[in-house]
Amino acid sequence: MQLPEKYVNSMKELLADEFDSYMESFNEKRLYGLRVNTAKISVEDFMKICPFHIERIPWIPNGFYYSENDKPAKHPYYFAGLYYLQEPSAMTPAYVLPVNKGDKVLDLCAAPGGKSTELGAKLSGTGLLVSNDISASRAKALVKNIEVFGIGNVVITCEYPEKLAAKFPEFFDKILVDAPCSGEGMFRKDNKLIKSWEQEGPEFYSPIQRGILNSAAAMLKEGGYILYSTCTFSKMENEDNIRDFLDRHSDFELVKIFDYEGFVRAYGMNEAVRLFPHHLKGEGHFVALLHKKGTLSENLKCNGLKTLKLPDEITDFIKELSCDIDTDSIRIINDKVYIMPPMIDNLNGIRTLRTGLLFGELKTKRFEPSQAFAMTLKMDEYSTTVNLSVDDINVIKYLKGETIEINQENIRGNAKNILVCVDGFPLGWGRLNGTTIKNKYLSGWRWM
């Protein structure tokens with residue numbers, strides 16, 4: 001790998017006696033990680049059914065290394081949303097941010113969703129998650145990943161941070177800023193980033209990061225937390241930005257991140273940490289936790305929606321559910337039915353890709369539940385199901401969009417809509433006709 005001379009010199013200055021050890025890390029293979037979706041399955045239960053060769057990531061309780069010979073993206077459990085594939089060090093920011101159930105959480109630079117999916121899992125169906133990315137094309141992947149994970153209490157936006165700040169002053173309890181950066185920490189993982197660094201290095205990104213941090217500060221409530229992270233080594237993008245932020249915001253303070261033997265304390269900043277590939281099994285990262293002094297106020301439900309009379313097609317479907325549905329939060333827009341998110345009133349003027357949970361769609365004389373809603377369910381929360389074993393050929397046929405034939409004894413319930421599951425975890429919907437299941441798996445998600 002041909003590293004730019006300017007970069008090499010900066011790392012020699014940064015690492016001093018450790019520089020040779022850092023360079024030796026480029027001779028090691030990149031690492032692969034998966035993070036368990038604890039909103040769907042416990043870590044212990046996942047380990048019992050996991051078909052891959054895995055090893056615990058020591059500082060991430062629900063994180064695992066897997067072998068590059070395994071193909072977890074080509075396994076039914078991936079389609080069931082049981083895990084997310086993520087570089088091990090990149091799991092750190094969302095883990096460190098202290099999210100509690102009921103919080104209002106913002107992921108400000110969210111695509112493709114690695115951090116948002118963990119934040120949503122921490123909320124476990126409570127509170128509110130707003131996931132934002134300024135790139136509409138990248139945000140489409142964000143929508144899919146959030147829906148696969150079964151996160152319904154979400155708003156997905158595509159806006160500049162300063163516009164969100166004007167809309168949501170002192171609104172959020174927790175904010176994650178995984179800032180766009182020069183990517184120095186990922187050179188080993190993806191050497192194409194070297195060319196990008198030569199075009200737009202730390203001098204380009206540092207002012208952008210400072211602006212994003214300032215917008216985040218404006219949106220944070222008293223007592224709240226901002227987690228700032230990058231995947232670069234540059235002091236300009238890391239410690240210098242944090243010092244500048246604290247100089248401008250006297251109401252903030254740094255919080256010390258937990259100790260782990262592989263973490264290196266930031267330069268002149270003992271509370272923050274750096275992750276180096278020659279110190280731990282992962283790529284490069286910087287992580288700092290900022291606290292806005294004061295006490296967090298209670299969050300109240302505030303969507304202010306009026307009760308509507310719902311069509312019989314929707315109420316009949318709801319009768320087949322054993323989970324709670326807030327019918328007052330249901331809205332119908334051009335025959336699409338949404339369960340609107342709590343704790344947020346007005347999104348006028350904000351570009352959104354998803355507001356709340358897409359519940360389904362009204363068709364001629366029937367209601368067709370959505371793929372996204374299926375992913376929020378547990379198997380026993382719907383009346384009519386078929387539970388397939390992971391090694392049943394019908395699982396792959398279903399994920400490919402094919403019609404499948406099922407033995408009658410394997411079908412529970414008699415509603416027309418049937419929830420297709422694998423080993424007890426929902427995959428999506430079908431339309432039941434005797435023992436034939438007409439496939440309703442979302443076409444854009446199909447096994448290719």
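Predicted model: local features only at pLDDT ≥ 70, side-chain atom pairs only at ≥ 80, totals over all residues.

Biologist: Which domains does the assignment give, and where do they lie in the chain?

Modeller: A domain may be built from separate stretches of chain, as domain 1 is here, with 5-30 + 86-292. Domain 2 covers 382-447. Between the centres of domain 1 and domain 2, taken over C-alpha atoms, the separation is 39 Å.

Biologist: How many cavities of 30 Å³ or more are there?

Modeller: A cavity is a space where a 1.4 Å probe fits but cannot get out. By this rule there are 3 cavities of 30 Å³ or more.

Biologist: Which residues line the largest cavity?

Modeller: Its lining includes Y22, S25 and F26, a run from E184 through G185, M186 and F187 to R188, and also F233, P277 and E283. Sorted by class, that lining has 6 nonpolar, 2 polar and 3 charged residues.

Biologist: And which helices or strands each supply at least two residues of the lining of the second largest cavity?

Modeller: They are helix α7 (136-148) and the strands β7 (154-157) and β17 (357-363). Among the lining residues are I146, E147, V154, I156, L357 and L358; I151, R354, G356 and A372 also line this cavity.

Conventions. Residues numbered from 1 in each chain as written. Heavy atoms only, no water. Domains from an automatic or database assignment. 1 Å grid on protein atoms, 1.4 Å probe; cavity = no way out; pocket = protein on both sides within 12 Å on 5 of 7 lines; lining within 4 Å. Points joined across faces, edges and corners; volume = space filled by probe spheres on them. Nonpolar A, V, L, I, M, F, W, Y, C, P; charged D, E, K, R; others polar. Helix = DSSP H or I, 4+ residues; strand = E, 2+ residues; numbered from the N terminus.
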